[in-house]
Amino acid sequence: MAVLAASSVKVASLPLPVGPLSDYGSVLDRHGREEILALIEAAGMTSGIVVNILASWEDPYGDVDRYAHAVLQAWGLGQGKTLLAVFLKTKEDWSVSVVPGQGTALAHPGLAESLEKGIANLVAHRRIEEAMRQLFTLLGRQLAPPPTRPARDRSGGAGRALPIGLGATGGLAVLLFTLRRICPRCGRLLRIRERRFFGRYGSRHRVYYCRRCGYSRSKGGEG
């Protein structure tokens with residue numbers, strides 16, 4: 001009974017998810033949340049992996065890896081094609097643990113470990129928002145389709161492989177398009193402003209701009 005009671009305390013002390021991004025550590029402002037949520041959505045569209053992120057200042061286990069695995073199960077992410085990144089602040093230091101659901105571990109062995117190593121240095125230097133963005137950059141690179149080779153088999157094997165390659169390439173294009181919406185100066189999500197010339201059916205001029213640093217970019221160049 002004592003063991004069960006202790007276990008109940010552990011489960012009860014775990015945070016509840018607030019959508020795919022649970023920022024209990026107050027890492028992001030409103031624009032930062034919009035940016036990370038857009039990256040989460042793009043990753044799901046291109047890779048089929050449901051990404052969840054937790055930033056927390058509390059760890060009932062005293063170990064970020066145990067904490068991440070407990071949250072993965074408590075949030076119902078353990079069996080699917082999922083990925084959970086937990087950013088934990090302890091006093092003044094940050095640590096990170098990236099853990100996969102069973103579906104992700106089977107489809108992409110070693111992916112979670114590679115992503116965790118790729119952002120570990122940013123986390124160690126307390127650049128947490130940048131580490132979150134880098135997580136998706138690395139995810140896109142890891143899942144990018146390999147270069148295609150000329151097919152030797154003329155019996156139709158190349159024809160079957162073509163739709164698969166086009167689908168993977170299209171998915172990567174969606175992710176890269178989303179990443180281009182990120183401001184190259186400060187990393188915020190770029191806003192869009194459009195102007196029409198010569199009436200409703202005239203030409204359109206689209207400007208991408210950053211509300212934070214003033215960066216702007218149009219089809220004709222940068223400002």
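Buried means under 20% relative accessible area, exposed over 50%, and partly exposed in between (1.4 Å probe, protein chains only). This is a predicted model, in which local features need pLDDT of at least 70 and side-chain atom pairs count only at pLDDT 80 or more, while totals for chains, interfaces and linings use all residues. Residues are numbered from 1 along each chain as its sequence is written, and side-chain values use heavy atoms, with hydrogens and water left out.

**Salt bridges**

- Side chains of opposite charge can pair when their charged atoms come close.
- A salt bridge here is a side-chain nitrogen of Lys or Arg within 4 Å of a carboxyl oxygen of Asp or Glu, and searching the whole structure turns up 5 of them.

**The pair within helix 2**

- Helices are DSSP runs (H or I, at least four residues), numbered from the N terminus.
- Helix 2 (residues 30-47) holds both E34 and R30, which sit 4 residues apart, about one turn of the helix.
- These two form a salt bridge, with 3.3 Å between the closest N and O atoms.
- E34 is partly exposed, at a relative accessible area of 28%, and R30 is also partly exposed, at 48%.

**The pair between helices 2 and 6**

- R133 forms a salt bridge with E35, and their closest N and O atoms are 3.4 Å apart.
- R133 belongs to helix 6 (residues 128-142) and E35 to helix 2, so this pair ties together parts that are 98 residues apart in sequence.
- Are R133 and E35 buried or exposed? Both are buried.
- A network of salt bridges links E35, E129 and R133.

**The pair R127 and E130**

- R127 and E130 meet through their side chains in a salt bridge of 2.9 Å, N to O.
- R127 is partly exposed, with a relative accessible area of 39%, and E130 is partly exposed as well, with 31%.

**How helices 5 and 6 pack**

- The axes of helix 5 (residues 111-124) and helix 6 come within 9 Å and cross at roughly 145°.
- Axes are lines fitted to C-alpha atoms, for helices over the stretch in contact, and angles run from 0 to 180 degrees between N-to-C directions.
- Contact means heavy atoms within 4.5 Å.
- The residues making the contact include L111, L115 and L122 of helix 5 and I128, E130 and L138 of helix 6.

How values were computed:
Helix = DSSP H or I, 4+ residues; strand = E, 2+ residues; numbered from the N terminus.
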